[in-house]
Amino acid sequence: MVAQLQPSTQPGHQASSTQQDGLGAGRLGTTSLVFMIIAASAPLTVLAGGVPTNFAVSGLLGVPWSYLVLGLILVFFAVGYGVMSSKIQNSGAFYAYVSEGLGNRQGIAAAILALVSYNMMQVGLYGIFGFSLANLINGWFGTNISWWVAAAAGWLLVAAMGVNNVDFSAKVLGVLVALEFVVVGGVSILSLNVAPEGVTTQTVQPEQFFTNGIGVLLAFGIAAFMGFESGAIYSEEARDPERTVPKATYIAVGIIALFYATSAWAFAQGVGPSKIIDQSTELGPDLVFVWLGEYSSVAANIANVLFVTSLIAALLAFHNAAARYFFSLGRSRVLPALFAKASPSGAPVAGSIAQTAIAAVVVIGFAIVGAGSELGEMFPILTLFTWLTNAAAFGLVFLLGVASLSIMVWLNKDRENYGIFTRIVSPVIATIGLTAVFILVMVNFPLMIGDTGSAALVWVMPGIILGSGVLGLIWGEFLKRKKPQVYASLHDNLDQH
C-alpha cells in the first residue's frame, strides 16, 4: 500500500525509518552501497561490450590506460564529493550539491538534467538486454522471440523490484555483481594461461595511450564509470552516511579502475595483442563469448547468462537512481508533490512507477519503429541502446564537471575547516579533467552513435540532454518569480551536518 506524503519543502529532509513520508533510513551499509554503485557500471558488460568497442573504434592497444587515467580523475573528484556527501544527505545528489554551490536555479537545472540522463541510461539498456536475452533463449530452444518481448520480461522484473525497499535490491545486486566478478576474474586468469603471444606489456606501454586517438579511448572509457557517483543518491538510506557514502565511493572508483584496467590487459593477452583490434572490430560484444567458447562451451553459456543478469543489475541500479530523483524533486515541490510518495518500507513508489512508465513508452515506440527495419535483429543495439546510453553518458559527464565546480565553490565558503588540497587542488584537477573528457565525448559523439540514423542525431541526442538543463533553468526562474517560498526553501532547508 502506498502512503500519501505530506510533502516537505526541504530537499535535504532526512526521514527516519518510522516515518511514512521518507525513504527508509539506515538500510544500507558500506558493502551494500559499493555493490549498488558497481552494479550500475556492470563489470561483465564492460568486459564484453566496452573493452572490445574501445579497441575496435580507437584502433589502439592502450585501452587499459584509459581506465586508469579516468579512475585517477574521478578519485580527485571524489575528494570534494565525499566531503559534501558527508555534510548533505539528499536523494537528489547533484540537485543538492549544485544548489549549495552555484544557486537554486542552477541546482534545479542540474536536477532535471540528471533525471533525464538517468532515465535515458536506464531505458537504453533495455535495447541490449532484450537483444541478449532473446538471442540466448532462441539459441537454446530454437524459438523466435523478438527483442522487445525479452525486454518486457526484464521490465516486469525491474518494475517489481523497484517498488520494494532498497535493502532487497541491494541483496539481489550483491549476488549478481559478485557473480560478474567471478566470471570476469575467470576470463582474466584463463587469458593469462593461454596467452598465444605470451604475457606482454604491449597494451600498457605509454605510447599506446599517449598518441593520436587518446580522445576516443577516454570518450568510450568513461561509460564504464557511469553510476559511480550514485552512492550519494542513497545517502538518506545509508547507515552512518557521513562515513558510509564517501568510503563506498572511494572503494567503488578504485575497484572499477583497477579491475577494468587489469581485465582489459589480461583479455588482450588471451586473444593476442596483435589480433585484439581486428577481432574486436569483427565480433564486437560477441568476442568474449566466442573466444571463451573455444575453450569451454559450458563456460561460454554461463558467461552469456551472467551477461544478461549483469544487465538486469544495471537496469535496476539506474532505475533506483531515477526513482530517487523523482522523489527528491517531488518532496521539494520542484516537481508535483505526487512524486513524493513512498511506501511504508521507504521505497520511492511514485518515482519508481514514473520511471517504469517512461521505459514502457520508449521501448514500445522503438519496437513499433523497428518492425521490419533493415537493421534486422541488431536494431535495438544500434538504435535504442547506442543512442540513449551515449547521450546519457554525455549528460552525466557534463553534470560531473558542473558538480566539481560547485563543490569547489562550496568548500571555499568554509576555508578554515578544509585544507587547500581538498578545496582547491582536487576540485581544480577534477574540473579540468572532466571538462576535457566532456569535450572529447562531444567531439567523438558521431563515432559513438555510428551512422544508424539521420545525421541530425549527432545534434539531437546531446541537444535533448542540454535542452533539459535549459528547461531546468527556465523552471527555476519561474519558481523564483511565482513561488518564492518554494524557491527559497530549496537552499535554506538543505539537511547539513
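The model is predicted. Two salt bridges are present in the structure, and through shared partners they join Arg-105, Glu-477 and Arg-481 into one network. The largest nonpolar core contains 157 residues, with helix H5 supplying the largest share of them.

**Salt bridges**

- Side chains of opposite charge can pair when their charged atoms come close.
- Glu-477 and Arg-105 form a salt bridge through their side chains, with an N to O distance of 2.3 Å.
- Because Glu-477 belongs to helix H17 (residues 457-482) and Arg-105 to helix H5 (residues 104-141), this pair ties together parts that are 372 residues apart in sequence.
- Arg-481 and Glu-477 form a salt bridge as well, at 2.7 Å from N to O.
- Arg-481 and Glu-477 are four residues apart in helix H17, so about one helical turn separates them.

**Accessibility within the network**

- Glu-477 has a relative accessible area of 19% and is buried, because the cut-off for burial is under 20%.
- Arg-105, at 28% relative accessibility, counts as partly exposed.
- Arg-481 has a relative accessible area of 63%, so this residue is exposed, the threshold being over 50%.

**Helix H12**

- Helix H12 comprises 35 residues (residues 297-331), which at 1.5 Å a residue should span 51 Å.
- H12 is mostly covered, as 27 of its 35 residues are buried.
- Arg-333 follows H12 and has a positive phi, near 70°.

**Nonpolar core**

- Within the largest nonpolar core, of 157 residues, the members that touch the most other members are Tyr-67, Phe-77, Tyr-118, Met-226, Phe-267, Ile-276 and Tyr-325.
- Helix H5 contributes 19 residues to this core, the largest share.
- Leaving aside residues up to four places away in sequence, Tyr-67 touches Val-46, Gly-50, Val-51, Asn-54, Gly-221, Ala-224, Phe-225, Ala-257, Tyr-260, Ala-261 and Ala-264.

Technical notes
Residues are numbered from 1 along each chain as its sequence is written. This is a predicted model: local features need pLDDT of at least 70, side-chain atom pairs count only at pLDDT 80 or more; totals for chains, interfaces and linings use all residues. Side-chain values use heavy atoms; hydrogens and water are left out. A salt bridge is a side-chain nitrogen of Lys or Arg within 4 Å of a carboxyl oxygen of Asp or Glu. Helices (H or I, at least four residues) and strands (E, at least two) are DSSP runs, numbered from the N terminus. Buried means under 20% relative accessible area, exposed over 50%, partly exposed in between (1.4 Å probe, protein chains only). The expected span of a helix is 1.5 Å times one less than its number of residues. A nonpolar core is a set of buried Ala, Val, Leu, Ile, Met, Phe, Trp, Tyr and Cys residues joined through side-chain atoms within 4.5 Å. Contact means heavy atoms within 4.5 Å.
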